[in-house]
Amino acid sequence: MVIDRPRVKEKLEKELKLFEEKHPRSKALFERAKANFIDGVPMNWMVKWAGSYPIFVDRGEGAYFTDVDGNRFIDFCLGDTGSMTGHAPEGAVPAIVERIKNGVTFMLPTEDAIWVGEALTKRFGLPYWQVAISATDANRFSLRLARHITKRKYVLVFNYSYHGTVDEAFITLKDGVAESRSGNIGPQVDPTQTTKVIEFNDIEALEKALAPGDVACVLAEPAMTNIGIIHPEPGYLEALREMTRRTGTLLIYDETHTMCAGPGGYTGAYGLKPDMLTVGKAIGGGIPTAVYGFSEEVAKRMRGLISLEDSDTGGIGGTLAGNALSMAAMRATLENVLTEEAFERNIALAKRFAEGVESVIEEKRLPWIVKRLGCRTEYWFRETPPRNGGEAAAAVDFELDRYMHLYALNRGILMTPFHNMALISSQTAVEDVDYHTEVFRQSVESLLE
Ligand code: PMP
């Protein structure tokens, strides 16, 4: 079956009208917000939703939230992973509230740090850790440390990867040539001066990029998630580990999204051995925090290279990093929410989500596919899985994406913006997943009828 393009446009108009009928109060707030916020939102991406304006949230609870117009949604976006725990997770809220009542930030450690450090080592295998405020910061600091200890100039990232607002990573390949990524706002330095970029799953390109011995580190998700889910091909991660080791290049895995693969992320699930690892978003149950970890060898090289006298001005830190609240939130989240049992249940439900969408794709003979990584699932408007970021980016269908999102939104389902991705939390019910399958079927039928 082929999607009728003029019909997408026409149906999108209809859905936009329906959206506006359902969200008058959000519209009024959005108009007011324009007086004090650029584009009417406190953070610039908040405008990139499928409706005519963003929905203003009233409250969230588990896998659901209610907006200021009283509409209730099944939340498959979950703050783009920040709330993968579900909103206000019961297992973490009491400890978070208790900590707030007893002081949030001291620039001194609390005893929760001990528990958190031990838990991180058990989950991810690395012996040493530091805490940052965001995954972006954890990545930025890891890159600095990698350059500091290797004395090398470049970092290497994969085409169309995303690691937060990290300057070095805003680089893409155009016809095989590296250039600043489209939309890169006021780059501090031309990223081609700091970064090598290659396609994921390309062993030859990796060998070539690392051969001169001038790359401090590879910063990578073990499976790409931000231009859609792209799995490593068999043998690729082994080759990446072997080549980085052989060329003295540090390997940093960013597990911020791939944490969805299990309690120790992709690293824990597949027994990977990175030199450094970063993870943010969900590990504090939504309270801003992130961690970055090091191998024994990296820790050894760091010691003596960071001076005590300059430690507050060395470019790594953050006054609020490691604050008492984020430590309490991480402890409670790791101890009671993102548990082995929770992942087991949620991954099984994500399989059901994928099978539901697949059944519709098959029934309607659509040239689409479904990809899944742990409790993260998404559908693609192409026939075969992309091997790398370049192929994935070429398959982005902005208009169709927008229609599918909006159709779901108007029927009480929030998908993750920028792609058709769904996360499953411990509070997501089987009925929610099956309802999504039904709405997905209807949205497809609306384009084929
Ligand atoms: N790493 C990955 C893999 C991400 O997807 C993101 C954000 N989407 C980040 C890091 C940055 O997270 P934050 O914006 O919370 O700093």
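**Close-up views of a predicted model**

**View 1. Helix 11 against a three-stranded sheet.** In this predicted model, helix 11 lies across strand 13, strand 14 and strand 16, and its direction is at about 175 degrees to that of strand 13. The 3 strands make an open sheet with the order 13-14-16 and antiparallel pairing. Strand 13 and strand 16 (421-423) are the edge strands, each pairing on one side only. From one strand to the next, the twist averages 20 degrees. Strand 14 and strand 16 run antiparallel and are joined by 3 bridges. Glu378 is placed opposite Met421 of strand 16. Strands of a sheet pair through backbone hydrogen bonds, in either a parallel or an antiparallel arrangement.

**View 2. The two domains and the side of domain 1 that touches domain 2.** The protein is divided into domain 1, which covers 5-84 + 340-448, and domain 2, which covers 93-337. Taken over C-alpha atoms, the centres of domain 1 and domain 2 are separated by 27 Å. Contacts involve 24 residues of domain 1 and 27 residues of domain 2. On the domain 1 side, the elements giving two or more residues are helix 11 (340-363), strand 13 (369-373), strand 14 (376-380) and helix 12 (389-394). Helix 12 gives the most to this side, with 4 residues. By residue type, the side of domain 1 that touches domain 2 divides into 10 nonpolar, 9 polar and 5 charged residues.

**View 3. The shell around the ligand.** There are 15 residues around the ligand, and Ser134, Ala135, Thr136, Gly164 and Thr256 come nearest. Helix 5 (residues 135-150) gives the most to the shell, with 3 residues. The shell residues divide into 2 nonpolar, 9 polar and 4 charged.

**View 4. The hairpin of strand 1 and strand 2.** Strand 1 (residues 57-61) and strand 2 (residues 64-67) run antiparallel and are joined by 4 bridges. Gly60 has Phe65 in strand 2 as its bridge partner. The hairpin has 2 residues between the strands, and Gly62 takes a positive phi near 60 degrees.

View 5. Most residues other than glycine have a negative phi. Asp80 is not a glycine, yet has a positive phi of about 45 degrees. Asp80 is placed in the loop between strand 3 (72-75) and helix 3 (93-101). Thr81 lies in the loop between strand 3 and helix 3 and also is not a glycine, with a positive phi of about 95 degrees. Asp80 counts as partly exposed because it has 17 C-beta neighbours inside 10 Å. Thr81 counts as buried because it has 23 C-beta neighbours inside 10 Å, and the cut-off for a buried residue is 20 or more.

**View 6. Lys14 in helix 1.** Lys14 is part of helix 1 (residues 5-22). Lys14 is partly exposed because 14 other C-beta atoms lie within 10 Å, a count between the limits of 12 or fewer for exposed and 20 or more for buried. Along the chain, Lys14 and Ile133 are 119 residues apart, and their C-alpha atoms are separated by 42 Å.

Methods:
Residues numbered from 1 in each chain as written. Predicted model: local features only at pLDDT ≥ 70, side-chain atom pairs only at ≥ 80, totals over all residues. Pairing = 2+ DSSP bridges. Near = placed C-beta within 6 Å. Nonpolar A, V, L, I, M, F, W, Y, C, P; charged D, E, K, R; others polar. Domains from an automatic or database assignment. Contact = placed C-beta atoms within 7 Å. Axes fitted to C-alpha atoms, helices over the stretch in contact; angles between N-to-C directions.
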